[in-house]
Amino acid sequence: MIPFLDLKGINTQHRAELIEACTRVIDSGWYIQGNECKAFDKEFAEYCGAKHAIGVANGLDALILILRAYKEMGVMNDGDEVIVPSNTYIASILAISQNNLVPVLVEPDIQTYLIDSKKIEEKITSKTKAILPVHLYGQICEMDSINALAKKYNLKVIEDSAQSHGAYFGDKRSGNLGDASGFSFYPGKNLGALGDGGAVTTNDDELASVIRALGNYGSHKKYENLYKGVNSRLDEMQAAMLRIKLRYLDEEIIKRREIANYYIENIKNNHIVLPTIGNKDSHVWHLFVIRTSKRDALQAYLSNNGIQTLIHYPIAPHQQNAYKEWNGLNYPISEQIHEKALSLPISGIQTLNDTQIIVDMVNKF
Ligand SMILES: *Cc1c(COP(=O)(O)O)cnc(C)c1O
């Protein structure tokens with residue numbers, strides 16, 4: 001069986017170093033927001049080219065806390081609107097709803113699966129306060145046009161970088177392409193912890209300071225509470241392990257790119273549409289997503305031949321039970337993607353031999 005993602009294999013590559021990191025935490029006697037968290041925040045900010053990184057409990061919290069901080073700062077109020085792609089993973093949208101803000105869905109470009117920047121302006125109203133572009137599957141959105149629109153209408157730009165750690169847009173990386181950025185270190189992400197984790201990056205000193213407090217009961221100083229905060233901190237143990245894995249992230253990206261290029265050059269099947277790349281260097285291939293109207297048959301065929309694939313994502317957000325109020329609306333491009341998308345296996349440890357087997361099977365379908 002060729003697995004979709006061999007997480008155990010990915011982490012056992014670094015087994016000795018991870019154990020050493022855990023041992024360091026155990027022996028430090030300090031388990032919440034200690035030296036590992038401090039060091040990770042610094043190293044991750046440097047990696048992204050951002051002034052601040054703030055470790056939080058997970059990627060959803062990273063996005064929730066950015067919006068919450070803007071509310072505390074008076075930039076946004078209940079009922080304000082945030083523009084978000086209609087085909088994103090639901091977490092980007094939940095972060096908006098949870099802050100009593102209104103998600104305004106904009107359809108993606110069918111070629112790149114990224115929010116269609118040409119369709120954003122028509123959705124901007126007097127209530128719009130932010131655009132939340134999602135660098136879906138590991139490819140950066142058209143940030144030049146998005147930032148230009150934000151400037152014109154005085155909007156914040158909040159990147160969802162949960163799938164795009166390390167991706168470049170020009171000479172800047174994901175996490176340094178807007179006003180603030182939310183990252184997830186869910187184990188399956190390109191930079192994955194061995195449990196939950198997340199971070200916010202920003203160049204805005206005030207925003208960083210408010211988020212730091214909000215994630216720690218609303219407090220900078222023990223027992224003094226500035227805000228009605230929450231407990232959302234990156235775990236010291238996860239920070240220690242993420243510091244190890246961060247050192248290998250660029251290598252992971254290079255290997256994923258090699259596999260993606262191999263797929264693109266060698267998959268030849270008229271039923272299948274391969275991913276389109278805007279700018280090769282900007283794609284870190286968190287997912288390799290093909291599109292076919294015979295999706296379910298292809299998935300079953302590959303499974304019968306020992307190849308595991310997944311669907312990102314089977315149900316569009318506007319068709320979810322959680323968003324009943326949208327169930328009657330039509331987002332035809334999203335619907336098409338949710339109906340036809342299939343993710344092939346890809347990771348830093350996938351062998352060329354396995355990649356060739358997958359290509360052969362896909363071509364024979
Ligand atoms: C994974 C993911 C999130 C949420 O991250 P968690 O750490 O699982 O909370 C948010 N947005 C996108 C696009 C994601 O892929």
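Predicted model: local features only at pLDDT ≥ 70, side-chain atom pairs only at ≥ 80, totals over all residues.
A residue is counted as near a molecule if one of its heavy atoms lies within 4 Å of that molecule. The ligand is surrounded by Asn58, Gly59, Leu60, Tyr89, Ala91, Val134, Asp160, Ala162, Gln163, Ser184, Tyr186 and Lys189. By class, this shell consists of six nonpolar, four polar and two charged residues.

Some members of the shell have polar side-chain atoms whose distances to the ligand can be stated. In the side chain of Asp160, an N or O atom is 2.8 Å from a nitrogen atom of the ligand. Ser184 places a polar side-chain atom 2.6 Å from an oxygen atom of the ligand, and for Lys189 the distance from a polar side-chain atom to a ligand oxygen atom is 3.0 Å. On its own the ligand has 380 Å² of accessible area, and the protein covers 90% of it.

The ligand also leads the reader to the open spaces of the protein. The space that the ligand takes is the largest pocket, with a volume of about 630 Å³. Its lining comprises 30 residues, and those nearest the centre are Tyr89, Tyr186, Lys189, His286 and Tyr313. Helix H4 (59-72), helix H5 (90-97) and strand S8 (180-184) each contribute at least two residues to this lining. Sorted by class, the lining of the largest pocket has 16 nonpolar, 10 polar and four charged residues.

The second largest pocket holds about 390 Å³ of space. Among its 19 lining residues, Ile32, Gln33, Arg212, Asn216 and Arg233 lie nearest the centre. Two or more residues of this lining come from each of helix H3 (35-48), strand S1 (52-56), helix H7 (205-214) and strand S10 (219-221). Here the classes number seven nonpolar, eight polar and four charged residues.

The structure holds two cavities of 30 Å³ or more. The largest cavity has a volume of about 190 Å³, and of its 19 lining residues, Ile10, Gln13, Asn190, Lys245 and Glu252 are the closest to its centre. Helix H1 (7-12) and helix H9 (249-266) each supply at least two residues of that lining, and H9 gives the largest share, five residues. The lining of the largest cavity divides into seven nonpolar, six polar and six charged residues.

The second largest cavity contains about 50 Å³ of space. Its lining includes Thr112, Tyr113, Trp285 and Leu287, and by class it has seven nonpolar, four polar and no charged residues.

Notes. Residues numbered from 1 in each chain as written. Heavy atoms only, no water. Polar contact = N/O pair within 3.5 Å; in protein donor to acceptor, adjacent residues only side chain to side chain. Areas by Shrake-Rupley, 256 points an atom, 1.4 Å probe, with all protein chains shown as cover. 1 Å grid on protein atoms, 1.4 Å probe; cavity = no way out; pocket = protein on both sides within 12 Å on 5 of 7 lines; lining within 4 Å. Sits in = over half its atoms within 2 Å of the grid points. Nonpolar A, V, L, I, M, F, W, Y, C, P; charged D, E, K, R; others polar. Points joined across faces, edges and corners; volume = space filled by probe spheres on them. Helix = DSSP H or I, 4+ residues; strand = E, 2+ residues; numbered from the N terminus.
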